[in-house]
Amino acid sequence: MGLAAQWDSMAAQLPPGWTEAGLRLRLARPEDASRAAALLGALSPGIAGDELHLRATSSGDASPGAVGRLLARLDEHGIGGTVELAGEVAGGASEESVEDSPSEPLAAAWGELVSTLPEDWSDLLCLVELRSSDELAPAALAIAPLNPSRHERTLGFRFRVARRFGYGAAPGMARRCLERLDEIRIPGELRLLEVLSDTQPVLTQGPTFVVSERAV
């Protein structure tokens, strides 16, 4: 099996939500080490005898696709070997740990969140955090009516809720979209980021929330 195929098989078995994984490439011929390192230059590999050490990340320049393409270059140049995991996988949760800590249904979490709000609340900024990057696309589709936004460092989506008028989804729509995530079995955690009370926008679509010095 070629190096790229080995990596594809390994990447498919990484735990949901993984962020970084150390890899060890054991070369079939030690004399290929320098040439292999040059072909893998974008991953900044380290050389130790007949082994190359590199890191893969869930996104960015060392994403699974990027690693696969670079290993395919080694295959094309006739450089063989074995790809192995080296050390622990960061950010991942095993299937056992996920099963041991089931998430509360998001629709129920919404009901609990609303029950804690002040009686005169008018606008909310919420975040629904997911467990796996594989679920980002189907989750975005399910909650599209909320006009969700995503920050690249967050595995989830922010959305606004407007109780009476202004910019944001209606409370009933927010609940329905979270129910959709429950229905398609996408677990997550609902967090309240900001709450405003009795806002009275004049000639605007509503108040502005600021997160990390950015208006959202």
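**View 1. Cysteines of the predicted model.** The count of disulfides comes to zero, a disulfide being a pair of cysteine sulfur atoms within 2.5 Å. Cys126 counts as buried at 0% relative accessibility, and Cys177 is likewise buried with a relative accessible area of 0%, where buried means under 20% relative accessible area and exposed over 50%, with a 1.4 Å probe and protein chains only. This is a predicted model, in which local features need pLDDT of at least 70 and side-chain atom pairs count only at pLDDT 80 or more, whereas totals for chains, interfaces and linings use all residues. Residues are numbered from 1 along each chain as its sequence is written, and side-chain values use heavy atoms, with hydrogens and water left out.

**View 2. The buried side of helix 7.** Helices are DSSP runs of H or I with at least four residues, and strands are runs of E with at least two, numbered from the N terminus. In helix 7, Ala174, Cys177, Leu178 and Leu181 are buried. They cover an arc of only 95° around the axis, taken from the directions from the helix axis to the C-beta atoms, which puts them on the same side of helix 7. Gly172 and Glu183, on the other side of helix 7, are exposed. The cover over the buried residues includes helix 5 (106-115) and strand 7 (188-197).

**View 3. Confidence along the chain.** The protein chain has a mean pLDDT of 83, and 84% of its residues reach 70 or more, pLDDT being the predictor's confidence in each residue, from 0 to 100. Over residues 94-101, pLDDT stays under 50, and the model has four contacts (heavy atoms within 4.5 Å) for them beyond four places in sequence.
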